[in-house]
Amino acid sequence: MSKAGPAGRQGPVPCPLGEAARERPEGAALEAPGLRLTYRELDRRVSLAAGRLREAGLGGRRVGLYLEGDAGYVILLLALLRAGAVACPVSTRLPPQGAAPLLRRAGCAAVVCAGPLPGLRCLRPEEILSGRPAEAPTPGPIPLDRPATVVFTSGSTGIPKAALHTFGNHYYSALGSASNIPLAPGDRWLLSLPLYHVGGLSIVFRCVLAGAAMVLPEPGAPLGSELRRRGITHASLVSTQLLRLLREGGEGPPEGLKAILLGASAMPAGLLEEAVSRGLPVHTSYGLTEMASQVAATRPGAPLEELLTSGRVLPHRELRLAEDGEILVRGRTLFAGYVEGDAVERPLDREGWFHTRDLGELDGEGRLLVRGRRDNLFVSGGENVQPEEIEEALRREAGAEEAVVVPVPDEEWGARPVAFLKGGAPDPARSLERVLPRFKIPVAFYPWPQDAPGGMKVDRAFFRERALGLRRRPRLC
């Protein structure tokens, strides 16, 4: 078992935003195209919006956020926390008819949105954000066990679940992260992940707690130019963003860049090798919504060998492996449970462990290696097939930019793997024959669908359904 960190404080904590405004009022807090706010100014705007939310009767209630991720979104998020409400961000990738049922299931009393959502009380953001901010009153301390956010899981293997986090979950997540990736006033973290994802939310909590600046990128601007032009010191990226950054070229890492935190899914080995050779200060990690972002991460300056793992467990978290290799977690960052209306279910075993459904192992140095999802594993001819193993081989051996492997029913074998590829060698099967047994080599290779959903994680349900439709007319890459 891996365990890290002291027990930590038990009682209420001073409001991090209020403390930052008091200690460094002129320090950079929030920057977006055409906007720069100091901590004093951000604190005042948040207090104004929090007052409006209380006037609307939403103090202590669950409130949805269905908006594009601009500076107003950050202010609204912090205002909901100051008003004692629970922020429930939902992806704008979902159409209104898809977002509304999720927010109703989460028990939202209202939603802040640009247009109507069926069956919900809707407030326009300008109703809450408009007005001239006055001197902000001193905010009171925040109980660590107070509900703070509801974050919807990715839903890549089923219907998204609404995970409830306390303020303490986010607070200790930020503290544990800072023990590994230092963050201080004057630092600037690029808000390059969506705020409806726990990875994006965690950036807000880390920056406010440290008194660092949150920087929203220019929409559509190349990532490398944003890192240089905006003086970014820290960034959080998924594999697709890292690939785009590397393809932009440029000599060496941007000046002043201290850390790039990689997450959301396994990083292809070839991508990490290129990042290290280019001098990028990358950290690999393992995390999940239910643990308020990171669980484990690699240290600064880690060699490539270490970056091919997810690193060691961070403070305020615990991790152990079940007999079958399933990753179990608990600690101060563990969520309060899944919400369904007024009900909250916390699915833990008798020892308080959450079963992640992820498979992994610990190496001799106590570093975590994630092998894939139990939900994704299938049996073909009596042999276990883990799709993530084949996907990594397709990236490494066949040069695929993207790869997803899913099973299709087979009368003789029970199930066989098929693959969807973006780019790579013209004969991927031959590339795989060098490293994989025959039963793991996909029986068909399809080009990457143009209508494949985007997002932080692969929508495997989409690819399984597409594979079933194509199985009678296989089309080889």
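Helices (H or I, at least four residues) and strands (E, at least two) are DSSP runs here, numbered from the N terminus.

## About the model

This is a predicted model, so local features need pLDDT of at least 70 and side-chain atom pairs count only at pLDDT 80 or more, while totals for chains, interfaces and linings use all residues. Residues are numbered from 1 along each chain as its sequence is written, and side-chain values use heavy atoms, with hydrogens and water left out.

The protein chain splits into domain 1 (16-371) and domain 2 (377-471), with bounds that come from an automatic or database domain assignment. Their C-alpha centres sit 31 Å apart. As for who touches whom, 15 residues of domain 1 are in contact with 15 residues of domain 2 (contact means heavy atoms within 4.5 Å).

Between them, domain 1 and domain 2 bury about 1,200 Å², with 60% of it on carbon and sulfur atoms. That buried area is the accessible area (1.4 Å probe) that two parts lose on being put together, summed over both. On the domain 1 side that touches domain 2, the residues come out as nine nonpolar, four polar and two charged. In that count Ala, Val, Leu, Ile, Met, Phe, Trp, Tyr, Cys and Pro are nonpolar, Asp, Glu, Lys and Arg are charged, and the others, Gly among them, are polar.

## Thr309 in its loop

Look for Thr309 in the loop between helix H11 (304-307) and strand S17 (312-313). Thr309 is buried, at 7% relative accessible area (buried means under 20%, exposed over 50%, partly exposed in between, with a 1.4 Å probe and protein chains only). Its side chain reaches the backbone oxygen of Glu306 at 2.6 Å. Leaving out residues up to four places away in sequence, Thr309 touches Thr284, Thr298, Asp363, Arg367, Leu368 and Leu369.

Most residues other than glycine have a negative phi. Ser293, in strand S16 (residues 293-297), has a positive phi near 100° and is buried at 9% relative accessible area.

His316 has a positive phi too, near 75°. His316 belongs to the loop between S17 and strand S18 (317-321), and is buried with a relative accessible area of 10%.

Note on methods: Polar contact = N/O pair within 3.5 Å; in protein donor to acceptor, adjacent residues only side chain to side chain.
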